[in-house]
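Colleague: Hi, I'm new to this one. Could you walk me through it?

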There are 2 protein chains.
Amino acid sequence: MYVSSQFTDQGQNGRPGTSPATLGWSPAGLSRSTPPAPRRDEALALAALDGAATTLCVEKDRTIFVEGDRAEFCYRILGGTVRMVKQMADGRRHVTGFLLAGELVGLDAMDRHDLTAETVMSTTLTRYKRAAVEALADRDPIVARRLRLLAAGELRAAHERMVLLGRRTASERLAHFLLEMEARAPRGGCGRVVLPMGRADIADHLGLTPETVCRLLTCLRHEGTIGTGRAVDGAEVTILDPRALAALASDPRH
Amino acid sequence: MYVSSQFTDQGQNGRPGTSPATLGWSPAGLSRSTPPAPRRDEALALAALDGAATTLCVEKDRTIFVEGDRAEFCYRILGGTVRMVKQMADGRRHVTGFLLAGELVGLDAMDRHDLTAETVMSTTLTRYKRAAVEALADRDPIVARRLRLLAAGELRAAHERMVLLGRRTASERLAHFLLEMEARAPRGGCGRVVLPMGRADIADHLGLTPETVCRLLTCLRHEGTIGTGRAVDGAEVTILDPRALAALASDPRH
DNA sequence: CGAACTATTGAACTAGGTCAAACCCAGTGG
DNA sequence: CCACTGGGTTTGACCTAGTTCAATAGTTCG
């Protein structure tokens with residue numbers, strides 16, 4: 001209904017030109033300290049659904065689904081970036097996370113989505129019927145277990161984020177964000193982080209204002225901790241002094 | 001091991017005198033806007049484990065388990081209050097939530113707990129082997145589905161909390177907290193909220209300082225929005241003007 | 001080239017934090 | 001029964017991290 005009208009449906013053969021590094025499962029927003037997430041088997045398990053899957057292309061800044069929508073589908077990102085948003089009535093916004101290629105969107109829903117999913121840039125994704133996933137889980141305890149694990153991983157990330165939002169300073173937040181993005185980037189992200197999202201998105205993700213994000217970035221640049229430039233899809237940050245950045249991020253325990 | 005040494009183990013017949021309002025499942029930290037959580041069936045499902053369950057009494061301010069501990073058990077609170085804590089190396093702390101009678105603790109773990117559970121007051125709980133729960137879930141898709149639903153509920157609450165921590169003002173946070181506690185209180189909590197936790201706990205839950213919590217409470221009292229007093233277990237707040245409080249809390253959408 | 005964005009920088013302001021003192025009990029011991 | 005002690009709570013005075021407002025500088029697109 002609502003959703004399909006915004007998509008360019010390519011049918012199940014419309015594979016995009018970009019081939020993301022990994023199409024295996026990896027829980028969204030998982031931080032570095034989390035034990036390595038399961039991959040291989042689930043990819044296999046989900047393969048059982050590929051017959052019913054549809055591939056979609058969505059352009060920049062479109063809505064995939066809205067908070068409150070009946071959760072009919074979930075998605076896997078083939079290429080691109082998605083932001084998960086929680087909106088307040090008065091316009092204040094929080095970006096609960098960014099999802100990258102290979103990650104899953106909208107799997108953590110009950111009856112209805114509780115977050116809005118929007119594309120940060122032109123994005124390609126595979127769509128699965130949630131009902132089919134649920135059915136698969138009912139049939140196969142292994143899949144069910146993986147789903148639970150996935151949820152647990154997201155919950156863990158969410159807890160981490162609460163500490164970040166509730167107790168960390170602005171620079172700690174930004175440092176943490178840069179390191180997280182670097183860790184999540186496709187292999188070989190040796191100090192290079194591409195930030196496809198704008199300053200406002202980052203700000204809304206970190207509970208800051210765009211101005212503060214800017215200022216902190218300039219500050220880090222002046223201190224020689226990072227370098228900035230522009231990549232094909234969005235700004236690029238080069239981490240020049242990982243030690244300094246890590247010191248700033250100063251993780252809770254570990 | 002670590003855990004059992006701090007407990008007064010009553011064995012499985014050592015039922016406590018207090019009989020909490022509901023022993024059914026209810027996802028922890030679920031906010032009012034969330035659709036009513038499933039109850040009856042899960043209580044039945046878990047009953048299958050009651051043979052292996054142990055009832056424990058833990059006094060005030062003890063640790064039930066620590067972040068990083070191998071997650072051998074999970075618990076259901078019979079009576080009392082538990083706080084879930086995330087600690088930073090430098091002492092900064094975040095309380096991700098408070099768990100009340102009837103709610104479950106430590107079910108959302110992967111291999112290890114990612115939160116520390118501490119008693120806010122003298123608390124009685126039932127302990128289940130996680131492995132048994134997992135096994136039950138593997139055997140029974142219904143249980144598995146409930147577990148997923150439970151996790152989704154917590155995730156939802158976590159997202160709500162991120163908005164709260166990242167975008168809401170101090171007074172909005174406090175108002176929201178009071179209303180949430182009132183909604184979660186055992187039936188008939190007509191405007192009366194018992195707060196068994198100290199100001200510091202509330203502050204760490206809301207990303208504020210104890211001083212700010214205090215000031216805001218006094219402020220609300222002076223405005224005639226609430227009244228304060230002391231109950232048997234902890235401070236008590238009476239909500240005199242629910243409208244004003246709700247206006248302050250001003251929920252996102254809805 | 002100009003419109004419309006987004007990013008950057010500056011200056012002034014404030015919500016909350018910090019520090020420190022006063023209060024208010026619940027125990028406890030004389 | 002009452003003073004004493006030790007913990008949390010309140011209150012006050014002051015301060016700063018981060019916001020707000022506003023102006024400038026790139027960028028993208030038509």
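Colleague: Let's start with B:Asp201. Which residues does B:Asp201 touch?

Modeller: Not counting residues up to four places away in sequence, B:Asp201 touches B:Arg83, B:Arg93, B:Val95, B:Phe98 and B:Val120; contact means heavy atoms within 4.5 Å. Do bear in mind that this is a predicted model, where local features need pLDDT of at least 70 and side-chain atom pairs count only at pLDDT 80 or more, while totals for chains, interfaces and linings use all residues. Residues are numbered from 1 along each chain as its sequence is written, and side-chain values use heavy atoms, leaving out hydrogens and water.

Colleague: Is B:Asp201 buried or exposed?

Modeller: B:Asp201 counts as buried because its relative accessibility is 9%; buried is under 20% relative accessible area, exposed over 50%, partly exposed in between, with a 1.4 Å probe and protein chains only.

Colleague: And what joins the side chains of B:Asp201 and B:Arg93?

Modeller: A polar contact of 2.7 Å, that is, a pair of N or O atoms within 3.5 Å, one able to donate a hydrogen and the other to accept it; residues adjacent in sequence count only if both atoms are side-chain atoms.

Colleague: New topic: which residues touch the most other members of the largest nonpolar core?

Modeller: Among its 64 residues, those are A:Leu174, A:Phe177, A:Leu178, B:Leu174, B:Phe177 and B:Leu178. Such a core is a set of buried Ala, Val, Leu, Ile, Met, Phe, Trp, Tyr and Cys residues joined through side-chain atoms within 4.5 Å.

Colleague: What about a second core?

Modeller: A separate one has 26 residues, including A:Leu49 and B:Ala53.

Conventions: Chains lettered and ligands numbered in written order.
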